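Student: Hi! I've got a structure open and would like to talk through its strands and charged pairs. Can you help me?

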Amino acid sequence: MQDTNWVTLLATSDRRGGATAPARKPPTELIWKAALPDAVRSSPVLRDGLLHVACRDGRLYSFDTANGRERWQYQAEAPLHSTPSISGSLLLVGADDGSVCALDRASGRRRWRAATAGEVWASPAVFADTVYAGSTGGELVALDRGTGEPRWRRQMEARISATPYATERLLFVGCGDGKLAALDRRSGKEVWTHRAADAIVASPAVAGGLVLVGSEDYVFYAVDAESGRIRWKVETGLGITSSAAVGGEIVYFGGRDGFFYALATADGRQIWKSRSLRAITAPPLAADGFVCIQSFYGTTQAFESQTGKELWRANLGGSVSSTPIVSEEAVYLATYPGVVYALR
């Protein structure tokens with residue numbers, strides 16, 4: 001079985017959602033499943049027929065996507081809540097002991113380990129030859145991709161639990177005090193900041209010259225990527241912890257108020273809004289013609305991307321706080337109780 005590559009949160013670093021399958025009907029056939037000894041709070045990633053899952057037992061597991069057989073496992077020094085990132089031959093993951101580790105993707109052998117000032121819950125972000133990671137201690141580090149040696153460190157005023165977004169010039173990161181910061185990617189120097197009224201725990205996306213991110217202050221923001229000025233904002237019914245996905249000219253995100261939102265990227269105009277669902281904390285999937293959202297309690301729903309018409313819904317097993325992988329070959333899902341499924 002040859003899979004689509006899905007190398008980080010929402011498939012690729014551009015947060016475009018990544019799904020490649022038509023997804024016009026729910027998955028109903030179980031291909032395989034694997035039970036892990038503890039909870040999974042992060043999203044799986046895959047490349048070249050290997051599915052990688054980080055578990056709260058402190059191990060990172062690698063499964064053959066064709067049959068679910070375990071190929072290798074890596075034992076970290078602390079629980080894992082971070083979604084791994086794949087970069088070339090490396091598999092990068094953060095741990096609760098404040099470390100970022102680079103593993104050989106094929107064998108699971110550790111290449112290097114770097115320390116930060118707090119638990120690393122977010123996915124490491126990679127741009128060119130640099131790895132960026134934030135910690136709950138508020139430290140943002142830039143590491144050499146090949147060696148793990150720090151290139152710069154910057155101490156923020158509050159925890160960082162969201163994955164940074166890197167562009168050629170700037171690095172965007174949200175913080176627990178509501179700050180959205182744009183830093184010079186090469187030096188870590190602050191270029192501008194925007195302050196929300198409550199924590200930013202969702203990972204930002206960048207599209208059309210805008211930084212798109214929701215906050216616990218009930219507001220979804222579109223901030224000019226160059227200046228930091230607010231271009232538009234939309235208020236929701238509760239806080240937003242769901243990271244945004246961009247599909248075409250629409251940005252999608254879920255709210256803890258139970259609604260799934262589709263807004264025009266350019267001006268924030270509401271394209272559609274779902275009926276009331278249960279609390280949504282996971283990022284959505286967006287692709288040509290459809291978008292999927294996963295509620296914490298295990299229900300996955302697919303909608304037509306332009307109209308919001310529901311295509312299907314399915315309970316894919318157990319409570320879920322991560323995002324499934326949707327490819328031509330299968331749907332891969334890691335549930336909060338620690339069961340990994342391959343479905344079609």
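This is a predicted model: local features need pLDDT of at least 70, side-chain atom pairs count only at pLDDT 80 or more; totals for chains, interfaces and linings use all residues.

Student: In what order do the 4 strands of the open sheet run?

Tutor: The order is β22-β23-β24-β25, and the strands pair in the antiparallel sense. At the edges sit β22 (245–247) and β25 (270–273), each of which pairs on one side only. From one strand to the next, the twist averages 20°.

Student: And how many bridges hold β23 and β24 together?

Tutor: There are 5 bridges between β23, residues 250–254, and β24, residues 260–264.

Student: Which residue in β24 is the bridge partner of F253?

Tutor: That would be Y261.

Student: Nice. Switching to charges: how many salt bridges does the structure hold?

Tutor: It holds 22 salt bridges. One of them joins D38 to R56, with 3.7 Å between the closest N and O atoms. This pair links distant parts of the chain, 18 residues apart. D38 is in the loop between β1 (30–35) and β2 (45–47), while R56 is in the loop between β3 (50–54) and β4 (59–64).

Student: Is D38 buried, exposed or partly exposed? And what about R56?

Tutor: D38 is partly exposed, its relative accessible area being 26%. R56 is partly exposed too, at 28%.

Student: What about K179, which residue does its side chain meet in a salt bridge?

Tutor: The partner is E157, with an N to O distance of 2.9 Å. Here again distant parts of the chain are linked: K179 belongs to strand β16 (residues 179–184), and E157 lies in the loop between β13 (150–155) and β14 (165–166), 22 residues apart.

Student: Why does K179 count as buried?

Tutor: Its relative accessibility is 6%, and the cut-off for buried is under 20%, so K179 falls in that class. E157 is at 56%, and exposed means over 50%, so E157 counts as exposed.

Student: One last thing: which residues are linked in a network of salt bridges?

Tutor: Take a look at E77, D97, R110 and R113, which are linked in such a network. As a general point, side chains of opposite charge can pair when their charged atoms come close.

Key. Residues are numbered from 1 along each chain as its sequence is written. Side-chain values use heavy atoms; hydrogens and water are left out. Two strands pair if DSSP finds at least two bridges between them. Helices (H or I, at least four residues) and strands (E, at least two) are DSSP runs, numbered from the N terminus. Axes are lines fitted to C-alpha atoms, for helices over the stretch in contact, and angles run from 0 to 180 degrees between N-to-C directions. A salt bridge is a side-chain nitrogen of Lys or Arg within 4 Å of a carboxyl oxygen of Asp or Glu. Buried means under 20% relative accessible area, exposed over 50%, partly exposed in between (1.4 Å probe, protein chains only).
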